[in-house]
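I opened the model to look up a few local features. My notes follow the order in which I checked them.

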Amino acid sequence: MNVQSPVGADSWTVAGRTFTSRLIVGTGKYKNLEENAAAVEASGAQIVTVAVRRVNVSNPNEPMLTDFIDPKKITYLPNTAGCFNADDAIRTLRLAREAGGWNLVKLEVLGEAKTLYPDMRETLRATEVLVKEGFEPMVYCVDDPIAAKQLEEAGAVAIMPLGAPIGSGLGIQNRVTIRLIVEGANVPVLVDAGVGTASDAAQAMELGCDGVLMNTAIAEAKEPVMMARAMKAAVEAGRLAYLAGRMQKRRYADPSSPLAGLI
Amino acid sequence: MTVDHTVQIRINGEHRRVVEGISIAALVSELGFDPVRVAVERNLEVVPRSTLDDVKVEDGDDFEIVRFVGGG
């Protein structure tokens, strides 16, 4: 991260690919593909997460995501959502690599359906295997600085700690651990999951994260396209505030007008 | 294999009979999908797209045919 670079040139790089948008958006839960595409456009995102699922053999003419969001213009980041062990996640990403033709993927191995909390033992095991097979995994993980370090050592190209459970919209629950992960990481850190509204996204960026990944906060807003715009602005505002360096907090007031010259 | 020159396979968990000797690419096309927009797994091994034309479907094969869909 180059804090000295002019704001206009602000960008981040993951596994050798450089992006100017720090917002990654999911493509699930939208009413329809048109709204989904409009929200992606409004968010300014250059990366979208996508899932890998069976084709519907009984209806080959179902509309395809790729008809609405062009993978030549927007980087598709295949995920392993719904996988509860390393083997299923690895199998899914091998197929994703064949479907898309690239190695940059999002790994998530979930531990249980209720919380969708990551299973870090399986996540770490999957990361090791994927890296050996030439994948560049961005890894969803707990907000634990030690686990984050272990993932980085295993070859994760980005660390993506949850701010709160997936789809909960509760906002960042532990700012301290997110900050510690950011401070300790030599790869990009993105808050993935838990963002509910714009201030949550700004907060993630103010903590020094390289980006934010969200889906439900936009898709389940009453006006998803408007919320996508809000999130774009929030991520930019949070990033600028982080670069600008916030003032120190004080216990008491400090007047903004000079005391000298008072009548 | 049977006298009617078909083989039994599974596609995405469903049993199906197809013509003996058909290539995977032809199978995918026959199902109505563009082979360049899907990925195919055969008996738990990914079939590289470049070989879909060459690999023949065999009796008992278990296929998964997938594509990208919206997801978080």
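The entries below go from conventions to confidence, then through strands, cores, rings and loops.

**Conventions.** This is a predicted model, in which local features need pLDDT of at least 70 and side-chain atom pairs count only at pLDDT 80 or more, while totals for chains, interfaces and linings use all residues. Residues are numbered from 1 along each chain as its sequence is written, chains are lettered from A and ligands numbered from 1 in the order in which they are written, and side-chain values use heavy atoms, with hydrogens and water left out.

**Confidence.** I looked up the predictor's scores. The complex has an ipTM of 0.91 and a pTM of 0.90. Chain B has a mean pLDDT of 92, with 97% of its residues at 70 or more. pLDDT is the predictor's confidence in each residue, from 0 to 100.

I take helices (H or I, at least four residues) and strands (E, at least two) as DSSP runs, numbered from the N terminus. Two strands pair if DSSP finds at least two bridges between them. Strand 1 (residues 6-11) and strand 2 (residues 14-19) of chain B are antiparallel, with 6 bridges. Opposite Thr6(B) I find Val19(B).

**Val57(A) and chain B.** What does Val57(A) touch beyond its neighbours within four places in sequence? I count contact as heavy atoms within 4.5 Å. The list is Ile11(B), Asn12(B), Arg16(B), Leu31(B) and Phe33(B). Val57(A) sits in the loop between strand 4 and helix 2 (65-68) of chain A. Buried means under 20% relative accessible area, exposed over 50%, partly exposed in between (1.4 Å probe, protein chains only). Val57(A) has 13% relative accessibility, so it counts as buried.

**Strand 3 of chain A.** Strand 3 (residues 23-26) of chain A is covered on both faces. Leu23(A) and Val25(A) are buried on one side, Ile24(A) and Gly26(A) on the other. In a regular strand the side chains alternate between the two faces of the sheet. Strand 3 of chain A runs parallel to strand 10 of chain A, with 3 bridges. Val25(A) has Met214(A) as its bridge partner there. Strand 3 of chain A also runs parallel to strand 4 (residues 47-54) of chain A, again through 3 bridges. In that pairing Gly26(A) faces Thr49(A).

**Cores.** A nonpolar core is a set of buried Ala, Val, Leu, Ile, Met, Phe, Trp, Tyr and Cys residues joined through side-chain atoms within 4.5 Å. Which residues touch the most other members of the largest one? They are Ile159(A), Met214(A), Ile218(A) and Met231(A), in a core of 67 residues. Helix 3 of chain A gives the most to this core, with 7 residues. Apart from it lies another core, of 20 residues, including Ile24(B), Ala25(B), Leu31(B) and Ile65(B).

**Helix 7 of chain A.** Gly208(A) follows the helix, with a positive phi near 100°.

**Rings.** Rings of Phe, Tyr and Trp (its six-membered ring) pair if their centres lie within 6.5 Å; planes under 30 degrees apart count as stacked, over 60 as edge-to-face and the rest as tilted. I get 3 aromatic pairs over all chains. Trp102(A) and Phe68(B) are stacked, 6.1 Å centre to centre with 20° between the planes. Trp102(A) is in the loop between helix 3 (86-100) and strand 6 (104-107) of chain A and Phe68(B) is in strand 5 (residues 62-70) of chain B, so this pair joins two chains. Phe68(B) is buried, at 8% relative accessibility. Tyr76(A), Trp102(A) and Phe68(B) form one aromatic cluster.

**Charges over rings.** My rule is NZ of Lys or CZ of Arg within 6 Å of the ring centre and within 35 degrees of the ring normal. Arg97(A) has its charged end over the ring of Phe135(A), 3.8 Å from the centre. Lys106(A) lies over the face of Tyr140(A), 5.7 Å from the ring centre.

Most residues other than glycine have a negative phi. Leu44(B) has a positive phi near 75°. Leu44(B) is exposed, at 59% relative accessible area.
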